[in-house]
Amino acid sequence: MNVITVFTGLAFSLIITRTLSIEDYGTWNLILGILMYAMIIDPLISYWVTRETARTEDSQKTAIFGSSLLSAGGMIIFLITVLLVTDESFVNIQVVILGFILVPGMFLSRVLYAINLGWKPHLSSYGLLISEASKVPIVLMLVYFFNMGVLGVIITFFIAQSFSIVFQIYVLRNKIKGRIQFKYIIKWLKLSWLTLYSPLASSVYKTDILIFTIFSESITGLAIFAAANVVGSLITIANSITIPTYAKILAEDKGNYLKENLTLMLFFAIPLGLISIVFSKPALFALNPVYEGAILIVIVMVFKGFLSSLINIFQQYVWGNEKVDIDSNANFKSFLKSSIFKIPTVKIIDYSGYLILLVIGLTILKQNSANELDYVLYWAIISTVIQIPLVVYLGSQVKKQLRLTIDVKSLLKYVLTGTSVFGITFIFTEKFLVYSNSILEFLPNLLLFVGISILGYTLISYMIDNRIKNLVNAIIQEIK
């Protein structure tokens, strides 16, 4: 389901990047950045309800109730952040403020996702598909035909989010029939210091958007960075195959599936990364010809996406193996020693160093009157390099706690198959792909080359690797 959303997501991105001005696209991405601050208090509940659901506790209805109350605080945080940062951002503050209508839906959607993650993880993928698929016709009508700009994008997100929420509530209807239990609210409040500390790392990291906007004194660079990220972050879709492992580890399922799961993740990550690299030029042209000069930035973002994926996967493995929250005798000191506290601490230290390097680099570039692409390229490189220490740290923890290994033989098969197939495709693309300004003419030709590459990679892998043969047969059987 998440692979399908790659195409619906690209369709959505094509519509807004082709329709919005570069300034409006930058404004939309600024709104997304501010929304991350509004969601900083969301883990107060969503973090724990996944763990409780996986352990068959009955906290789901209480979580939905509590999350609805929290959303009011999120809206206040959003409005305060807007007032603090938009003076230097050269944007329409009235349009940015309208983004606050997305906050309640984001809180509700996150808590429903968290419940599904601990119960039936694949249901969250269905909800994502509904949301992503509905965005395309809505944004086409509001932004492309009615020319509503950023306001149209905000309304599109609001409506699509609502569709997903209705679906997830429906599939969870039997799971949330219990009563509201204040013992869980007391527990969540008691541990609020820990769950508020955890997302602090993400908030520190996301400050890069505001720093970049202030230093560059423009949102054009933000738009370029976002466009490059649309193409370069395709590789993160491979994470979806690892989603169920968190709940399985929480439920103390110690089956020998982690090595298999990580190997399959790499099977998907390799072609997705190669698609971004090989088709970076035509993909940026498809989004909007003004972004065509960001090819090198896309390549850097692919490596960033891969490292970020490993960080996310390893973190879920370690957190899933953590049992401090089910120890009735656990005290404050016990939680301080747990991975729930240690991992955010390491990330905060790492990301603080990242922000310092970002400020120093942008200051030097500004003094030397660097152009917009230089600003964005430096930002992309620093944000990629800073991921390496976290991968090393979390990887060592996973190896120590879960004795995880990688199937090197299969990995080499996928790498050689991918580079061969996509290398040949690149040669043909450079020779035969015609860059037409009409997106309706250009896009089908581009998708033909992409489709041939994916088909070739899958067929060869199917023939030479039994793991992939079993996977493809299982998918076909599930669809039947």
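In the predicted model, helix 14 (residues 258-278) and helix 23 (residues 466-479) pack with their axes 11 Å apart, at an angle of about 85°. The two helices are therefore roughly perpendicular to each other, since angles of 65 to 115 degrees count as such. Helix 14 contributes Glu-260, Thr-263, Leu-264, Phe-267 and Phe-268 to the contact, and helix 23 contributes Arg-467, Ile-468 and Leu-471. Sorted by class, the residues of this contact are 5 nonpolar, 1 polar and 2 charged.

Glu-260 and Arg-467 also form a salt bridge, in which the closest N and O atoms are 2.9 Å apart. Glu-260 lies in helix 14 and Arg-467 in helix 23, so the pair ties together parts that are 207 residues apart in sequence. Glu-260 has a relative accessible area of 36% and is partly exposed, whereas Arg-467, at 15% relative accessibility, counts as buried. Both residues belong to a network of salt bridges that links Glu-260, Asp-407, Lys-413, Asp-465 and Arg-467.

Side chains of opposite charge can pair when their charged atoms come close. The structure holds 9 salt bridges. One of them joins the side chains of Arg-110 and Asp-42, with an N to O distance of 3.5 Å. This pair links distant parts of the chain, as Arg-110 is in helix 6 and Asp-42 is in the loop between helix 2 and helix 3 (43-54), 68 residues apart. Arg-110 counts as partly exposed, at 32% relative accessibility. Asp-42 has a relative accessibility of 4% and so counts as buried, the cut-off being under 20%.

A salt bridge is also formed by Asp-325 and Arg-51, whose closest N and O atoms are 3.0 Å apart. Asp-325 is in the loop between helix 16 (295-321) and helix 17 (332-337), while Arg-51 is in helix 3; the pair links distant parts of the chain, 274 residues apart. Asp-325 is buried, with a relative accessible area of 14%. Arg-51 is buried as well, with a relative accessible area of 1%.

Helix 8 (residues 149-171) consists of 23 residues. From its first C-alpha to its last, helix 8 reaches 34 Å, which is close to the 33 Å expected at 1.5 Å a residue. Buried residues of helix 8 include Gly-149, Val-153, Ile-154, Ala-160, Ser-164, Ile-165 and Val-171. The buried residues of helix 8 pack against helix 1 (2-19), helix 2 (22-38), helix 5 (93-97), helix 6 (103-119) and helix 7 (122-145).

How values were computed. Residues numbered from 1 in each chain as written. Predicted model: local features only at pLDDT ≥ 70, side-chain atom pairs only at ≥ 80, totals over all residues. Heavy atoms only, no water. Axes fitted to C-alpha atoms, helices over the stretch in contact; angles between N-to-C directions. Helix = DSSP H or I, 4+ residues; strand = E, 2+ residues; numbered from the N terminus. Parallel < 35°, antiparallel > 145°, perpendicular 65-115°, else oblique. Contact = heavy atoms within 4.5 Å. Nonpolar A, V, L, I, M, F, W, Y, C, P; charged D, E, K, R; others polar. Expected span 1.5 Å × (residues − 1). Buried < 20%, exposed > 50% of the residue type's maximum accessible area, 1.4 Å probe, protein only. Salt bridge = Lys/Arg side-chain N within 4 Å of Asp/Glu carboxyl O.
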